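Visitor: I have a structure open and want to go through its packing. Can we take it piece by piece?
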Amino acid sequence: MVKPAKNTICLWYNDGAEDAARFYAETFPDSSVGAVHRAPGDFPSGKKGDVLTVEFTVMGIPCLGLNGGPAFKHTEAFSFQIATVDQAETDRHWNAIVGNGGEESMCGWCRDKWGLSWQITPIVLTEAVTGSDPAAAKRAFDAMMQMKKIDVAAIEAARRG
């Protein structure tokens with residue numbers, strides 16, 4: 001048996017943990033699906049033999065998907081933040097999530113079809129809003145507040161003034 005990670009993110013799904021894990025593994029680099037564990041007996045939201053948990057990694061972060069049923073839903077209180085290097089990478093990740101049954105939100109946030117929130121955040125945005133020039137940071141921040149998917153060129157233009 002492989003020694004488990006000391007700290008693992010456990011994500012509760014209604015019943016789509018394995019499909020979600022496989023989607024993340026296909027979509028993001030340094031992501032994979034590990035063991036799929038089936039329930040040894042009936043449980044409140046499933047039967048013996050159904051997928052109960054899935055071990056997977058998202059961009060190097062160990063996760064456990066639990067098919068726990070409909071009792072708890074994902075909220076924006078938890079999200080994965082993906083730092084992107086340019087517009088092409090931003091578009092690729094955004095379009096993969098939104099185009100696979102997900103939905104857009106504001107300021108670089110989107111939600112996948114399982115309800116999990118993602119922040120697709122270009123590094124240039126983070127640098128702009130945390131930079132040492134308060135006026136440039138405010139312009140970039142104000143521009144971001146009007147966007148759904150982040151437009152790198154528009155952030156750079158706002159930063160320059």
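Visitor: Which residues does Val 58 touch, leaving out those up to four places away in sequence?
Guide: Val 58 touches Tyr 24, Phe 28, Asp 30, Ser 31, Cys 63, Phe 80 and Trp 118, where contact means heavy atoms within 4.5 Å. This is a predicted model, so local features need pLDDT of at least 70 and side-chain atom pairs count only at pLDDT 80 or more, while totals for chains, interfaces and linings use all residues. Residues are numbered from 1 along each chain as its sequence is written, and side-chain values use heavy atoms, with hydrogens and water left out.
Visitor: How many residues has the largest nonpolar core?
Guide: That core has 22 residues. A nonpolar core is a set of buried Ala, Val, Leu, Ile, Met, Phe, Trp, Tyr and Cys residues joined through side-chain atoms within 4.5 Å; buried means under 20% relative accessible area, with a 1.4 Å probe and protein chains only. Tyr 13, Tyr 24, Phe 56, Val 58 and Trp 118 have the most contacts inside it.
Visitor: Which element gives the largest share?
Guide: α1, with five residues. Helices (H or I, at least four residues) and strands (E, at least two) are DSSP runs, numbered from the N terminus.
Visitor: On to the sheet. What is the strand order?
Guide: The open sheet of four strands runs β5-β8-β7-β6, with mixed pairing; strands pair if DSSP finds at least two bridges between them. β5 and β8 pair in the parallel sense over six bridges.
Visitor: Which residue stands opposite Trp 118?
Guide: Phe 80 stands opposite Trp 118, which is in β8.

Definitions and conventions:
Buried < 20%, exposed > 50% of the residue type's maximum accessible area, 1.4 Å probe, protein only.
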